[in-house]
Amino acid sequence: MLLEADSKSMRSMSGSRRNSGSSLVSSSSASSNLSHLEEDTWILWGRIVNEWEEWRRKKDKLLKELIRKGIPHHFRAIVWQLLGNATDMPVKNQYSELLKMSSPCEKLIRRDIARTYPEHEFFKGQDSLGQEVLFNVMKAYSLVDREVGYCQGSAFIVGLLLMQMPEEEAFCVFVRLMQEYRLRELFKPSMAELGLCIYQFEYLLQEQLPELNVHFRSQSFHTSMYASSWFLTLFLTFLPLPVATRIFDIFMYEGLEIIFRVGLAILQYNQTDLIQLDMEGMSQHFQKVIPHQFDSCPDKLILRAYQVKYNPKRMKKLEKEYTTIKNKEMEEQIEIKRLRTENRLLKQRIETLEKESAALADRLIQGQVTRAQEAEENYVIKRELAVVRQQCTTATESLEKAQDTIRELQQQRTAGHKCTLMYTEQFVSNLQTQLEQSRLREAELLGALKEMQDKVLDLEKRSSCLPDENNLATLQEEVKQMKLRELETLRSFREMQEAVTELNQRWQLHLSESPKKNAMNELQDKLMTVRLREAQAQAELREVKLKALQLESQNQIHSKLIGRNDQERSALQDRLQMVANQNKALQAQLNEMKRKQAESDCKSKEEVMAVRLREADSMAAMAELRQKIAELEIQKEEGLIQGQLNHSDSRQYINQLRDQIAELKNEVRQPSPHSHKRALSHIQVSHLSEMLGANKKIPYLIMSSSNYFMLCYTGKKKRTSYGK
């Protein structure tokens, strides 16, 4: 009756439910369940909702206790909105516009919607109202927060919100949860917050359940295998919905602390059973046994959760430790990436150098092959030239013989006509034999000349493909000189031909008188033609020699080119070796730097340990000195209590000691210029020790390095304390 009379609470509840048909809570269900709730609980929560700000300021502890006991079902929607401060959010006005836009995560959301609460009536069935509004909320958030987009576990949280409130309010509460309750960091692609939660939970497990932690480690049953879903879905996929809703009530008020507490409470409750199981058995136990242990009594689980020890300060320290560990890992990964890139660049450089060396080796082999071919061709040409030279020498010898015969003929003409007629027949026979020999020689020379011409043409074709060099000009000058010499020889040959024609004419005139004139003329003509052909063959032979010289010059050019190629190859090999040595030197420098860094780290650690040891020694020495001072003060008090000594000898010793003390004080007040501190001499120490040995109750002097004195009564002390 009070709730119905309260316009604010009823309007806030029923009005929000009339905005959308997606909520399972309605005014009819509230009236039907009203009989099952206690009247004072309804009155109390109605007052809390109406006076929310005052309760948060003044009655926060009482509100916390009431939330831990459980929020009534019909008040959950408005209380969750109030706890999350999501009643009036600007993003609520953008919701309808966001639904009109398209999201890149729509396919993923459609795929996972059918797997979200598949047994619940609100979400059962394809294209049902629950699946439609769940798709709308997830799509709208993926457009609001594009960095997070969509993550699978978030659909279960949104589904729970849609069971309690319309989709607009559920969207606002989910945005607030992601922003203020660390859920956004959990659902980021890196999931850094999830790693932190697992790290903190492992520490709590090791601290509070060490035996179970050792068993998990022995079975390789990692914390992330069972606890990841606890943090991502807030136990909504692990525990039954009524129990998970109670945990979500407390989560809305206290945050992720309740997840740590409930997780440790579950493990503590099942510790004895889990220790006896292997990895597969523990997995089955987590899936089938644990979720149904608290169906009938969720308060038992909440009570056990708040019996778990949880220190927020320690959790902050663990967060800092985890952050430093992750930073170190990031630095190591960056260093590894840098080294990998350097290694990759070095490998590429080595590959290029290997390719260059292979190319150089190919060029070297090709140059050696061409050089061998050219050497073989040069050898063949040299042999042919030797043959041609031999033929040339024979031709010159025959030419000289012909010239000698011409001279002999001239001499015979001058000797007289008579003598000539006597030897005409013999001369004719000699001329016939010479004619036959010259014809044979002419045929041989013509065959050799054709072969040499063919070889010269072939060599000219080959030499045309080869490059010229700078020394070609000198060779051309030599060729010009050779041509000039050839022209001179041709000119002399023509002169010789003219002389031969003159002799022939004279010889014909001389032979016109003889009876055998016609036969001699024929023989003389044949001889002259043979000699002319021989002279032409000699001229052609000289041309062949000239071409042979040109080919030899080209051969020298090619040999020089091959030498240069060899030099370039050797230079490239030296460069390759130098680059390899540089790489080795760089690798050695890198190893040396790493070794020096490791040595410096070890030295720094040793220095830190030495400093700490010195501090510990100094602290121990200070403690000993303080203890000695306290003992000496106690001994002094005991000596004062004993009173004055009555014995005269002891008084005399005391007076002597006082005199000694006065002298020592004067010496200490007036130090010598050579030393800043003065101690007792050996004689004084021995003298005082003798006096002190007479009576154990006589006060004695202790002098430290700080130049201050203290009179103490020994009482029960031994004489060795004087040495200290």
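Colleague: Which residues have the most contacts inside the largest nonpolar core?
Modeller: They are Leu177, Leu183, Tyr226, Trp230, Ile247, Phe248 and Leu267. That core has 109 residues. A nonpolar core here is a set of buried Ala, Val, Leu, Ile, Met, Phe, Trp, Tyr and Cys residues, joined through side-chain atoms within 4.5 Å. Buried means under 20% relative accessible area, exposed means over 50%, and partly exposed is in between, with a 1.4 Å probe and protein chains only.

Colleague: Before I go on, what kind of model is this?
Modeller: This is a predicted model: local features need pLDDT of at least 70, side-chain atom pairs count only at pLDDT 80 or more, and totals for chains, interfaces and linings use all residues. Residues are numbered from 1 along each chain as its sequence is written, and side-chain values use heavy atoms, with hydrogens and water left out.

Colleague: Now the whole chain. How many helices and strands are there?
Modeller: There are 29 helices and two strands. Both are DSSP runs, numbered from the N terminus: helices are H or I with at least four residues, strands are E with at least two.

Colleague: And how many of the 724 residues count as buried?
Modeller: The share is 37%. Contacts also reach along the chain. Take those between residues at least 6 apart in sequence: 76% of them join residues at least 24 apart.

Colleague: Switching to helix pairs. At what angle do α10 and α11 pack?
Modeller: About 120°, with their axes 10 Å apart. Helix α10 covers residues 129–144 and helix α11 covers 154–162. That makes α10 oblique to α11. Angles under 35 degrees count as roughly parallel, over 145 as roughly antiparallel, 65 to 115 as roughly perpendicular, and the rest as oblique. The axes are lines fitted to C-alpha atoms, for helices over the stretch in contact, and angles run from 0 to 180 degrees between N-to-C directions.

Colleague: Which residues make that contact of α10 and α11?
Modeller: From α10, Val133, Leu134, Val137 and Met138. From α11, Ser154, Ala155, Val158, Gly159 and Leu162. By class, seven are nonpolar, two polar and none charged. Ala, Val, Leu, Ile, Met, Phe, Trp, Tyr, Cys and Pro count as nonpolar, Asp, Glu, Lys and Arg as charged, and the others, Gly among them, as polar.

Colleague: What about α9 and α10, what's the angle there?
Modeller: About 145°, with the axes 10 Å apart. Glu106, Ile109, Arg110 and Ile113 of α9 make contact with Gln131, Glu132, Leu134, Phe135, Met138, Lys139 and Ser142 of α10. These residues divide into five nonpolar, two polar and four charged.

Colleague: Where is Phe123?
Modeller: Phe123 sits in the loop between α9 (106–113) and α10.

Colleague: Is Phe123 buried or exposed?
Modeller: Phe123 counts as buried, because its relative accessibility is 1%. Beyond its neighbours within four places in sequence, its contacts include Leu134, Gly159 and Leu162. Phe123 and Val133 are 10 residues apart in sequence and 9.6 Å apart in space, C-alpha to C-alpha.

Colleague: What does Val262 touch?
Modeller: Phe235, Ile247, Leu301 and Ala305, not counting residues up to four places away in sequence. Val262 lies in helix α18. Val262 is buried, because its relative accessible area is 0%. Val262 and Tyr306 are 44 residues apart in sequence, yet 8.2 Å apart in space, C-alpha to C-alpha.

Colleague: Last one. How do α17 and α18 pack, at what angle?
Modeller: About 140°, with axes 8 Å apart; α18 covers residues 257–269. That makes α17 oblique to α18. Ile247, Ile250, Phe251 and Glu254 in α17 meet Glu257, Ile258, Ile259 and Val262 in α18. By class, this contact has six nonpolar, no polar and two charged residues.

Terms used
Contact = heavy atoms within 4.5 Å.
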